[in-house]
Amino acid sequence: MGKVVILDHPLIDHKMAIIRNADTNTKSFRENVNEIAGLMAFEITRDLPTKKVEVVTPITTTTCNVLDREVVIVPILRAGLGMVDGIQMIIPTAKVGHIGMYRDEETLEPVEYYAKFPTEIIDGKVLVVDPMLATGGSASAAITNVKKRGAKDIRFVGLVGCPEGVARLNLDHPDVDIYLAALDEKLNEVGYIVPGLGDCGDRLFGTK
Ligand code: PRP
Ligand code: URA
């Protein structure tokens, strides 16, 4: 079974309190989602392979470590887009694939409407990102899709999860590690995470 890592850091906790607050406006919500994603990227990429290169400093020549693996960020549209800039601030060379998906309001089943991936998805480290892991249906379907396109090394990165979503993802994709900023209590009767932060896509883009 994949690892489930809940990132435990005062800066992340502080920013989570801001985005959970119903009074936080769209600008601040968007900024804080990106900042949390950036802070998470630091931990999630801790084990990325590096290679040695010779670098000429103003003083001498020395051996340094540089990244030896492409990173591909795959946001699940729409809300996943809110995490991309924050991660790219930390990994500017990361490529970005997109997968469009929405939950049917009645069945809560994911409906895919778009997919486009860079070729690096096959050999790179793939970060499937979506702030919300609720039933787990959208994340599971997105990961199935990137696997069909050849991805082998996949991590799921979310802000708020719940036991139902983690269980679903572990069952469907036991090879995928899950990184979350917070693991909440449960899903409510209409499929929203409790306490959660409401509808993340709507709060990011100012829709209703
Ligand atoms: C939200 C969220 C996830 C999904 C999570 O997207 O961003 O993609 O729901 O729910 P699940 O784990 O039960 O599948 P939504 O369908 O609201 O689309 P949006 O991002 O376009 O608003
Ligand atoms: N999608 C959201 O945006 N929020 C939830 O709580 C569940 C799914």
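A: We may begin with a loop. Arginine 78 is found in the loop that runs between strand 4 (71-77) and helix 3 (84-90). Please bear in mind that this is a predicted model.

Q: What kind of peptide bond joins leucine 77 and arginine 78?

A: The angle to read is omega. Leucine 77 and arginine 78 are joined by a cis peptide bond, with omega at about -5°. A cis peptide bond also joins valine 194 and proline 195, where omega is about 0°. Proline 195 belongs to the loop between strand 13 (193-194) and helix 6 (200-205).

Q: Where is leucine 108, and what is its phi?

A: Leucine 108 lies in the loop between strand 6 (98-103) and strand 7 (110-116). Its phi is near 65°, a positive value in a residue other than glycine.

Q: Which backbone atoms lie 2.8 Å from an atom of ligand 2?

A: A polar contact is a pair of N or O atoms within 3.5 Å. A backbone N or O atom of isoleucine 193 lies 2.8 Å from an oxygen atom of ligand 2, and cysteine 200 likewise has a backbone N or O atom 2.8 Å from an oxygen atom of the ligand. At glycine 198, a polar backbone atom is 2.8 Å from a nitrogen atom of ligand 2.

Q: How much of the accessible area of ligand 2 does the protein cover?

A: On its own, ligand 2 has 240 Å² of accessible area, and the protein covers 89% of that area.

Key. Residues are numbered from 1 along each chain as its sequence is written. Chains are lettered from A and ligands numbered from 1 in the order in which they are written. This is a predicted model: local features need pLDDT of at least 70, side-chain atom pairs count only at pLDDT 80 or more; totals for chains, interfaces and linings use all residues. Side-chain values use heavy atoms; hydrogens and water are left out. A polar contact is a pair of N or O atoms within 3.5 Å; within protein, one must be able to donate a hydrogen and the other to accept it, and residues adjacent in sequence count only if both atoms are side-chain atoms. Accessible areas come from the Shrake-Rupley method with a 1.4 Å probe; for residues, only the protein chains shown count as cover. Helices (H or I, at least four residues) and strands (E, at least two) are DSSP runs, numbered from the N terminus.
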